[in-house]
Amino acid sequence: MTQMTDIFSTPASEETLLRVVAKLRERNIEGMIVDNGDDARKLVQERLPKGAEVHSGKSKTLQEAGIFDLIQDPNEYDALRLRYLKMDRQTQAREIRKLISGPDFMLGSINAVTEDGILVAASATGSQLGPYAGGAGKVILVVGSQKIVPDLETALRRIHDYVLPWEDAQVRQVLPAGSFVGKILVVEREWVTGRMTVILVRKPIGI
């Protein structure tokens with residue numbers, strides 16, 4: 001387990017980061033590099049207009065960067081999380097589903113990115129994957145450089161052997177059952193120019 005932790009938690013080299021950014025751009029995905037979570041948060045702020053409709057999963061990466069708290073400020077943004085948490089899940093399930101499936105801006109992270117620029121995200125429910133794939137108007141993903149892996153096979157291994165055990169332990173702290181990998185999204189290329197941005201963070205952030 002220690003060896004696996006080292007493999008999947010070690011930051012990527014500058015050469016690798018630059019190569020991944022170039023590959024992302026070939027796939028019609030904007031790629032950017034920043035030093036740390038604070039720089040990522042500032043970059044996100046620059047890209048979110050005041051009053052923008054924005055949604056996100058409760059990503060550890062976004063939390064560590066201060067982005068999750070930032071977008072919940074009702075004086076700055078129209079955070080869909082604040083809206084749907086006030087709605088009744090029993091009587092307004094359809095409204096909630098439609099509300100969060102197509103936000104103007106979707107923020108989040110992914111579990112791995114290959115050196116060829118392929119994005120891989122896993123989820124138990126899949127709630128964030130629809131907006132990532134095509135539902136959201138714009139997608140901004142903040143990704144620690146430790147998530148860069150050689151290929152898809154290693155990306156899946158990172159999800160099942162490294163991320164899932166951590167996620168399962170977190171879920172078991174609040175629920176009687178653990179987590180699981182329910183759905184996996186693989187993004188090889190973006191259709192709409194300017195829709196998807198990946199902010200790669202040199203310093204490891206998230207899990």
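1. Basis. This is a predicted model, in which local features need pLDDT of at least 70 and side-chain atom pairs count only at pLDDT 80 or more, while totals for chains, interfaces and linings use all residues. Residues are numbered from 1 along each chain as its sequence is written, and side-chain values use heavy atoms, with hydrogens and water left out.

2. The largest pocket. On a 1 Å grid over the protein atoms alone, a pocket is an open set of points with protein on both sides within 12 Å along at least five of seven lines, and a lining residue has an atom within 4 Å of a point. The largest pocket has a volume of about 1,500 Å³; a volume is the space filled by probe spheres set on the points, which are joined across faces, edges and corners. Its lining has 47 residues, and Gly57, Lys58, Ser123, Gln128 and Glu167 lie nearest the centre. Among the elements that give two or more residues to this lining are strand E2 (53–56), helix H4 (60–65) and helix H9 (152–172). H9 gives the most, with seven residues. Helices (H or I, at least four residues) and strands (E, at least two) are DSSP runs, numbered from the N terminus.

3. The lining of the largest pocket divides into 22 nonpolar, 18 polar and seven charged residues. Here Ala, Val, Leu, Ile, Met, Phe, Trp, Tyr, Cys and Pro count as nonpolar, Asp, Glu, Lys and Arg as charged, and the others, Gly among them, as polar.

4. The cavity. A cavity is a set of grid points where a 1.4 Å probe fits but cannot get out. The count comes to one cavity of 30 Å³ or more, and the largest cavity has a volume of about 40 Å³. Ile110, Leu119, Ala121, Tyr132, Leu141, Leu185, Val187 and Met196 line the largest cavity. This lining has eight nonpolar residues, no polar and no charged.

5. Nonpolar cores. A nonpolar core is a set of buried Ala, Val, Leu, Ile, Met, Phe, Trp, Tyr and Cys residues joined through side-chain atoms within 4.5 Å. Buried means under 20% relative accessible area, exposed over 50%, and partly exposed in between (1.4 Å probe, protein chains only). The largest core has 22 residues, and those touching the most other members include Ile110, Leu119, Tyr132 and Leu141. H2 gives the largest share of this core, four residues. A second, separate core of 21 residues includes Val34, Val54, Leu70 and Ile71.

6. The aromatic pair. Rings of Phe, Tyr and Trp (its six-membered ring) pair if their centres lie within 6.5 Å; planes under 30 degrees apart count as stacked, over 60 as edge-to-face and the rest as tilted. The structure holds one such pair. The rings of phenylalanine 8 and tyrosine 162 have centres 5.7 Å apart and planes at 45°, so the pair is tilted. Phenylalanine 8 is in helix H1 (residues 2–9) and tyrosine 162 in helix H9, 154 residues apart. Phenylalanine 8 is buried at a relative accessible area of 1%, and tyrosine 162 is buried at 10%.

7. Asparagine 28. Most residues other than glycine have a negative phi. Asparagine 28 has a positive phi, near 65°. Asparagine 28 lies in the loop between helix H2 (14–26) and strand E1 (30–34), and is buried at 17% relative accessibility.
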